[in-house]
Amino acid sequence: MAHQKGVEVGEVVQSGPALAFLVYPEVVLAIAPSPFWAFLFFIMLLNLGLDTQFSSVESLMTGLVDNWPEQLRPHRKKFTLGMTVFMCLLGLPMITRGGIYVFQLMDFYAASGLSLLWCVFFQTIAICWVFGAKKFYLCIEEMIGYRVSMYWYVCWVFLAPAFMVFIFVFYFVRYSPITMGAYHYPAWGEVLGFAISLSSMLWVPGYAIYYLLSTKGSWSEVLRQGVTPVIKPRKEAVMAEEKARLTYQDVRDVELNIEEDLCDESFVSYDSKKCLGEAL
């Protein structure tokens with residue numbers, strides 16, 4: 001495409017919604033048979049969007065229902081339906097005439113900006129440094145039945161946090177104001193974008209400050225209590241784990257009995273051969 005238009009590649013392919021809905025369709029039209037590849041391309045986009053929505057909505061619903069189980073768990077389906085309708089209404093402004101500018105603002109500052117990286121960083125720290133990477137490593141072993149490579153342990157503890165800090169700092173160093181083609185967003189648009197990012201980022205330090213101020217005890221006691229994992233497994237999980245342990249113990253006992261029987265047989269066979277040799 002750059003050769004046909006006589007421009008640089010950077011002027012043809014740019015990030016943003018135009019990449020998926022303008023550049024890629026034009027590339028697909030140049031490949032024969034174009035209707036077949038166009039069909040596959042847009043089916044891929046549809047499945048990608050549906051898959052993203054499934055994981056995003058399910059993670060949100062699980063967190064809310066687990067936080068208020070008595071009120072929400074009996075009505076989980078109705079609550080999920082209500083939340084999906086509410087989120088659909090929130091997305092309607094993005095399909096209006098000027099909705100692409102709202103979409104670009106949300107995409108730049110929320111979906112692929114600071115907030116996602118910020119939340120993932122603290123999730124990694126909470127799991128690997130507070131809960132404990134070794135415990136997490138053993139939990140995975142218990143779930144899948146074997147130990148994963150230590151490479152993943154190193155990634156969880158060191159490489160992933162280091163890369164996220166580097167990307168976070170690099171984002172501010174190379175920051176440039178948001179644009180939409182030739183349109184430059186006004187100053188209040190950038191302020192709105194950062195407000196969108198902070199709307200999810202401030203909850204992490206905000207809840208930490210709230211916990212320190214609302215929990216009784218000295219600062220050291222509150223901090224120690226705050227970083228101590230409090231996990232109460234469900235009755236079904238405890239019963240399943242105990243059943244698996246007993247099953248493993250029964251299998252192990254059978255293996256030990258078989259080994260003892262084989263050892264006894266070999267010992268008797270050895271004594272018989274010895275006595276026969278002496279008689280001869």
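How many helices and strands does the protein chain have? The protein chain has 13 helices and two strands, where helices (H or I, at least four residues) and strands (E, at least two) are DSSP runs numbered from the N terminus. The model is predicted, and local features need pLDDT of at least 70, side-chain atom pairs count only at pLDDT 80 or more, and totals for chains, interfaces and linings use all residues. Residues are numbered from 1 along each chain as its sequence is written, and side-chain values use heavy atoms, with hydrogens and water left out.

Of the 280 residues of the protein chain, 17% count as buried, that is, under 20% relative accessible area with a 1.4 Å probe and protein chains only.

**Two helix pairs**

Two packed helices are described by the angle between their axes and the distance between the axes. Axes are lines fitted to C-alpha atoms, for helices over the stretch in contact, and angles run from 0 to 180 degrees between N-to-C directions.

| Helix pair | Residues | Crossing angle | Axis distance |
|---|---|---|---|
| α8 and α9 | 114-144 and 150-173 | roughly 165° | within 10 Å |
| α7 and α10 | 99-111 and 187-201 | about 45° | 8 Å |

Angles under 35 degrees count as roughly parallel, over 145 as roughly antiparallel, 65 to 115 as roughly perpendicular and the rest as oblique. Helices α8 and α9 are therefore roughly antiparallel to each other. By class, their contact has 24 nonpolar, one polar and one charged residues; here Ala, Val, Leu, Ile, Met, Phe, Trp, Tyr, Cys and Pro count as nonpolar, Asp, Glu, Lys and Arg as charged, and the others, Gly among them, as polar.

Helices α7 and α10 are therefore oblique to each other. In this pair, Leu105, Met106, Tyr109 and Ala110 of α7 meet residues of α10 including Leu192, Phe194 and Ile196, a contact being heavy atoms within 4.5 Å. By class, the contact of α7 with α10 has seven nonpolar, three polar and one charged residues.

**Nonpolar cores**

A nonpolar core is a set of buried Ala, Val, Leu, Ile, Met, Phe, Trp, Tyr and Cys residues joined through side-chain atoms within 4.5 Å. The largest one has eight residues: Cys128, Ala133, Tyr137, Ile140, Val148, Tyr153, Trp156 and Val157. Helices α8 and α9 each supply at least two residues of this core, and the largest share, four residues, comes from α8. Tyr153 touches Ala133, Lys134 and Tyr137, not counting residues up to four places away in sequence. A second, separate core of five residues includes Leu105, Tyr109, Ile178 and Ile196.

Conventions. Buried < 20%, exposed > 50% of the residue type's maximum accessible area, 1.4 Å probe, protein only.
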